[in-house]
Amino acid sequence: MRIFAIGRNYVEHIQELNNERPDEPVIFTKPDTAILRNNAPFYYPSFSTDIHHEVELVLRISKEGKNIEEKFASRYYDAIGVGIDFTARDLQQKAKDKGLPWDIAKGFNGSAPISDSFLPVDKFADVKNINFKLEVNGKLKQQGNTSLMLFPFDYIIAYLSKFFTLKTGDLIFTGTPKGVGPVTPGDTLSAYIENEKLLEFQVK
Ligand code: MG
């Protein structure tokens with residue numbers, strides 16, 4: 001099982017980090033050891049002092065495929081969950097300054113908490129109009145809607161599958177909306193799709 005992730009997919013988030021708007025999706029991966037399930041706590045790592053939350057919708061791949069055409073891409077995922085793409089912003093900034101890869105800033109242990117429940121795609125009237133949000137200690141910090149994505153789900157799947165054979169069970173983090181920010185030990189993070197709370201855990 002692999003975890004793919006898309007960077008810079010929401011314009012207002014690109015602006016808050018002063019990044020360039022990409023012509024094609026920005027792709028990175030996380031190892032499966034990044035996953036936290038069952039609302040397990042996130043232990044703040046000693047190698048960073050600036051861990052940021054990025055709430056994202058997560059697609060679950062349901063069928064193996066490569067070179068998938070965009071018009072058929074919706075057949076390749078069957079469920080949508082929510083997750084946090086934890087980012088060691090200090091390590092990422094160092095890497096970006098030097099033009100080096102982001103792996104340790106994005107793929108460290110526990111950097112991908114995901115909801116236990118994934119909602120079946122056919123539950124959604126329109127996947128191009130899904131609301132999701134993150135609360136920290138009960139306060140709204142991030143909210144997004146899939147209509148604001150630069151690259152929608154089907155485009156992401158078509159693009160990724162040019163380079164990587166997608167396999168059943170692979171996950172795709174689809175990008176974060178604006179409002180990313182630091183977490184601190186003691187915080188409780190709650191992530192929702194529409195008004196359904198699907199993920200809640202503590203930072204320790
Ligand atoms: Mg992200």
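1. Arg8 counts as buried, at 18% relative accessibility; buried stands for under 20% relative accessible area, exposed for over 50%, and partly exposed for what lies in between (1.4 Å probe, protein chains only). Arg8 sits in the loop between S1 and H1; helices (H or I, at least four residues) and strands (E, at least two) are DSSP runs, numbered from the N terminus. Although Arg8 is not a glycine, its phi is positive, about 55°.

2. On the basis of the note: this is a predicted model, in which local features need pLDDT of at least 70 and side-chain atom pairs count only at pLDDT 80 or more, while totals for chains, interfaces and linings use all residues. Residues are numbered from 1 along each chain as its sequence is written, and side-chain values use heavy atoms, with hydrogens and water left out.

3. Asn39 also has a positive phi of about 55° and is not a glycine. Asn39 belongs to the loop between strand S3 (35-36) and S4. With 36% relative accessibility, Asn39 counts as partly exposed.

4. Which residues coordinate the magnesium ion? They are Glu54 (OE), Glu56 (OE) and Asp85 (OD), at 2.0 to 2.1 Å. Donors here are N, O and S atoms within 2.8 Å of the metal (3.2 Å for Na, K and Ca); water is not among the atoms, so sites may look incomplete. Along the chain the donors of the magnesium ion have the spacing E-x1-E-x28-D. Glu54 is buried, with a relative accessible area of 4%, and Glu56 is buried as well, at 0%.

5. The cavity search gives one cavity of 30 Å³ or more. The largest cavity has a volume of about 120 Å³. A cavity is a set of points, on a 1 Å grid over the protein atoms alone, where a 1.4 Å probe fits but cannot get out; lining residues have an atom within 4 Å of a point. Grid points are joined across faces, edges and corners, and a volume is the space filled by probe spheres set on the points.

6. The lining of the largest cavity is made of 17 residues, and Gly7, Arg8, His13, Glu54 and Lys106 lie nearest its centre. Strand S1 (3-7) and H2 are the elements that give two or more residues to this lining. H2 gives the most, with three residues.

7. Helix H2 (residues 89-98) has Arg89, Leu91, Gln92 and Ala95 as its buried residues. Those residues are on the same side of H2, because they cover an arc of only 160° around the axis; the arc is that of the directions from the helix axis to the C-beta atoms. On the other side of H2, the exposed residues are Lys94, Asp97 and Lys98. The buried residues of H2 pack against helix H1 (11-16), strand S4 (51-53), strand S7 (87-88) and helix H3 (103-107); contact requires heavy atoms within 4.5 Å. Just after H2, Gly99 takes a positive phi of about 70°.

8. S7 and S4 also belong to an open sheet of three strands, in the order S7-S4-S13 with antiparallel pairing. Its edge strands, each pairing on one side only, are S7 and strand S13 (181-182). Two strands pair if DSSP finds at least two bridges between them. S4 and S13 are joined in the antiparallel sense over two bridges, and Gly181 in S13 is the bridge partner of His53.

9. A further open sheet has six strands in the order S2-S1-S12-S5-S6-S9, with mixed pairing. Strand S2 (26-30) and strand S9 (119-120) are the edge strands, each pairing on one side only. Strand S5 (residues 55-61) and strand S12 (residues 171-173) run antiparallel and are joined by three bridges. Leu171 in S12 is the bridge partner of Arg60.

10. Is Leu189 buried or exposed? At 1% relative accessibility, Leu189 counts as buried. Leu189 is part of strand S14 (residues 188-193). Leaving aside residues up to four places away in sequence, Leu189 touches His53, Ile84, Phe86, Leu134, Glu135, Val136, Val183, Leu199, Glu200, Phe201 and Val203. Of these, Phe201 is twelve residues from Leu189 in sequence and 5.6 Å away in space, C-alpha to C-alpha.

Methods: On a 1 Å grid over the protein atoms alone, a cavity is a set of points where a 1.4 Å probe fits but cannot get out, and a pocket is an open set with protein on both sides within 12 Å along at least five of seven lines; lining residues have an atom within 4 Å of a point.
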